[in-house]
Amino acid sequence: MHASLFSTWIKQRIQHPLPGADAHGTIWSYPRNSFEDALQLDPPPRHSAVNLILKESTKSIELGFIVRSDFGIHGGQVAFPGGKTNPGESYEECANRETEEEIGILPDSYFHLGALSPVFIPPSNMLVFPMLKLIHKQDPLTLDSREIEDFFWVEIAALMPAKIIEKEHYLKAFDTTRLIKGIPIENHFLWGASAMITQELCHLWQEYLNETRS
């Protein structure tokens with residue numbers, strides 16, 4: 001198995017129907033509106049975009065995560081660089097701009113591979129569109145301390161469905177502690193929309209492994 005071939009494979013695979021809700025449902029802690037249903041809400045959801053940045057070698061794939069500063073309803077969460085779209089801005093442009101602003105990685109540092117399935121975030125009434133990138137040069141990071149507490153890489157093997165657990169976790173958006181699904185990583189807990197997006201990528205990674213091992 002050559003992980004370095006994954007980016008070539010997934011760039012083609014993304015052109016076909018994606019796992020979407022089947023993958024998202026493995027880790028959500030409560031049912032969410034589908035993309036189509038979310039578009040019918042009143043008020044309509046705001047749109048945002050994030051970058052899933054991959055780093056690959058012959059033996060492994062790593063995925064980059066941020067930890068948001070303790071501010072707002074999503075403060076302290078493990079997430080991906082990104083944010084709300086500006087008028088007239090594409091999802092890719094938005095994700096690239098936010099990535100540069102939040103962690104200092106420039107758009108010429110990675111290749112665009114395509115987009116994964118959008119996810120609806122009820123507490124913020126937000127539709128998030130995930131963009132998939134492959135980093136080819138890594139300049140020193142410049143974290144915006146007002147928004148970002150940390151950035152780190154995690155091997156995709158540590159994010160697979162077998163790593164999902166349930167635990168009591170404080171949900172800032174609801175100001176309560178609930179039993180939710182997630183994955184412990186780097187002394188943090190990956191859950192919610194970012195975990196759902198991650199699981200779609202993991203399902204595609206498993207599909208790639210199955211094909212290349214057969």
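Colleague: How do the residues of the lining of the second largest pocket divide into nonpolar, polar and charged?

Modeller: Bear in mind that this is a predicted model. The lining of that second largest pocket has seven nonpolar residues, five polar ones and two charged ones.

Colleague: And which residues lie nearest the centre of the second largest pocket?

Modeller: Ala21, His24, Ser34, Phe35 and Pro118 lie nearest its centre, out of 14 lining residues.

Colleague: What's its volume?

Modeller: About 210 Å³ for the second largest pocket.

Colleague: Which strands does strand 2 pair with?

Modeller: Strand 2 pairs in the antiparallel sense with strand 1 (residues 46-56) over three bridges. With strand 8 (residues 148-155) the pairing is also antiparallel, over seven bridges. Then there's strand 3 (residues 78-79), antiparallel again, with two bridges to strand 2.

Colleague: What stands opposite Ile66?

Modeller: Phe151 in strand 8, and Ala79 in strand 3.

Colleague: Back to strands 1 and 2. How many residues sit between them in the hairpin?

Modeller: Four residues lie between strand 1 and strand 2 there. As for who faces whom, Lys55 stands opposite Glu62, and Glu56 has Ile61 as its bridge partner.

Colleague: Does strand 1 run parallel or antiparallel to strand 7?

Modeller: Parallel, and the two pair over nine bridges. His47 stands opposite Leu127 of strand 7.

Colleague: What about strand 1 and strand 4, parallel or antiparallel?

Modeller: Antiparallel: strand 4 (residues 82-84) pairs with strand 1 over three bridges. In that pairing Ala49 stands opposite Gly83.

Colleague: Let's talk about the inside. Which residues have the most contacts in the largest nonpolar core?

Modeller: Phe65 and Leu201, in a core of 41 residues. The elements giving two or more residues to this core include helix 1 (6-13), strand 1, strand 2, strand 6 and strand 8. Strand 7 (126-135), strand 10 (176-185) and helix 5 (192-213) are also among them.

Colleague: Which element gives the most to this core?

Modeller: Helix 5, with ten residues.

Colleague: I'm looking at Val154 now. Where is its place?

Modeller: Val154 is in strand 8.

Colleague: Why does Val154 count as buried?

Modeller: Because its relative accessibility is 7%, and buried means under 20%.

Colleague: How far apart are the C-alpha atoms of Val154 and Gly64?

Modeller: They're separated by 6.6 Å, with the two residues 90 apart along the chain.

Colleague: Last topic, cysteines. Are Cys94 and Cys202 buried or exposed?

Modeller: Cys94 counts as buried because its relative accessibility is 0%. Cys202 is buried too, since its value is 1%.

Colleague: And how many disulfides does the count come to?

Modeller: Zero disulfides.

Technical notes
Residues are numbered from 1 along each chain as its sequence is written. This is a predicted model: local features need pLDDT of at least 70, side-chain atom pairs count only at pLDDT 80 or more; totals for chains, interfaces and linings use all residues. Side-chain values use heavy atoms; hydrogens and water are left out. On a 1 Å grid over the protein atoms alone, a cavity is a set of points where a 1.4 Å probe fits but cannot get out, and a pocket is an open set with protein on both sides within 12 Å along at least five of seven lines; lining residues have an atom within 4 Å of a point. Grid points are joined across faces, edges and corners, and a volume is the space filled by probe spheres set on the points. Ala, Val, Leu, Ile, Met, Phe, Trp, Tyr, Cys and Pro count as nonpolar, Asp, Glu, Lys and Arg as charged, and the others, Gly among them, as polar. A disulfide is a pair of cysteine sulfur atoms within 2.5 Å. Buried means under 20% relative accessible area, exposed over 50%, partly exposed in between (1.4 Å probe, protein chains only). Two strands pair if DSSP finds at least two bridges between them. A nonpolar core is a set of buried Ala, Val, Leu, Ile, Met, Phe, Trp, Tyr and Cys residues joined through side-chain atoms within 4.5 Å.
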